[in-house]
Amino acid sequence: MEIKRHYRQNRVKKYEARWYVDGRAKTRFFATEDEREQFISNFSEQVARNGTDLLLGFNAAQMGSWQEASRLAPDADPVEVMRFWLASNRPEIKPVKLGDAIPAYLKHIRAMERDPAYCKHIERHLMEFQKAIGNRQVHQVSFQDVADYILNLPFQPVTKKHYRRDIKGAFAWWIEQGWAIDNPVDRVRTPEIVRPEPGILKVEEVRRLFNANKNIDPGICGLLALGLFAGMRTSAISRLDYSELDFKQRGILTPAEKTKKRRRQ
């Protein structure tokens with residue numbers, strides 16, 4: 001198996017190791033070249049020792065354990081044994097209702113200094129979800145509950161996807177708190193989003209757009225210009241401060257705390 005080396009100038013961790021499993025690329029990134037070389041050396045030794053099954057999630061130690069278990073009880077179905085083990089070792093669930101779980105999650109994301117508008121967006125999605133299925137305990141919400149709710153929303157697929165994302169994020173945090181074991185949103189699939197081809201406004205169309213807006217609210221024209229000519233996201237424009245527009249250098253400073261990927265630009 002060949003592990004290829006690449007250098008990515010635009011990443012924080014610039015040194016990449018890449019290999020392929022069943023035609024699919026697998027990658028790892030490292031801060032230094034020495035770290036990457038150490039990983040490649042160790043990984044290559046493991047593959048040589050355990051075979052390529054290691055790449056599929058197996059290793060010699062795991063296979064040895066399964067073989068030993070088979071010798072102890074050759075007639076036992078390993079799937080049934082595993083199900084019994086899971087049932088016997090299920091963690092204790094704290095009974096918390098959605099009416100208490102949702103405010104706790106919102107408090108958490110606000111403490112993480114997420115954008116207030118984004119927090120408000122999530123709050124609306126979660127409160128609508130609770131209203132639809134009732135104030136039941138978190139661990140009692142099933143996959144079918146979530147699927148029926150999301151798939152029957154009277155919205156376009158992209159909006160359904162946003163609801164799914166926000167509800168799934170809340171359940172992930174609730175699981176960390178011990179209020180549920182499984183995330184019921186994992187198996188919910190939303191309809192495929194078919195995006196239209198991106199369009200480009202003609203000069204005359206842009207002129208009409210500006211003329212129409214300057215008669216209503218001239219201040220909006222500056223925001224439109226940032227999107228049209230600087231290629232900024234709507235969310236980034238809303239967080240921009242006037243002092244971050246550098247007219248002398250003809251540039252825009254976007255601090256790390258205001259960018260989607262938390263990188264200064």
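In the predicted model, aspartate 186 and lysine 168 form a salt bridge, with a separation of 3.6 Å between the closest N and O atoms. Lysine 168 belongs to helix H7 (157–176), whereas aspartate 186 sits in the loop between this helix and helix H8 (203–214), so the contact ties together parts that are 18 residues apart in sequence. Both partners count as partly exposed, aspartate 186 at 35% relative accessibility and lysine 168 at 30%.

The whole structure contains 14 salt bridges. One of these joins the side chains of glutamate 16 and arginine 8, at 2.8 Å from N to O. Glutamate 16 is buried, with a relative accessibility of 1%, a value that falls under the 20% cut-off. Arginine 8, by contrast, is partly exposed at 30%. Salt bridges also link Arg5, Glu33, Arg36 and Glu37 in a network.

A further pair lies within helix H3, where glutamate 80 and arginine 83 are three residues apart, about one turn of the helix. Their side chains meet in a salt bridge of 3.0 Å, N to O. Arginine 83 has a relative accessible area of 52% and is exposed; glutamate 80, at 44%, is partly exposed.

Helix H3 (residues 78–88) also provides the largest share of a nonpolar surface patch, contributing three residues. The patch is made by Trp66, Met82, Trp85 and Leu86 and covers about 440 Å². Tryptophan 85 is located in helix H3.

Definitions and conventions
Residues are numbered from 1 along each chain as its sequence is written. This is a predicted model: local features need pLDDT of at least 70, side-chain atom pairs count only at pLDDT 80 or more; totals for chains, interfaces and linings use all residues. Side-chain values use heavy atoms; hydrogens and water are left out. Patches are made of residues with over 30% relative accessible area and no salt bridge: like charges are joined within 9 Å, nonpolar side chains (Val, Leu, Ile, Met, Phe, Trp, Tyr) within 5 Å. Accessible areas come from the Shrake-Rupley method with a 1.4 Å probe; for residues, only the protein chains shown count as cover. A salt bridge is a side-chain nitrogen of Lys or Arg within 4 Å of a carboxyl oxygen of Asp or Glu. Helices (H or I, at least four residues) and strands (E, at least two) are DSSP runs, numbered from the N terminus. Buried means under 20% relative accessible area, exposed over 50%, partly exposed in between (1.4 Å probe, protein chains only).
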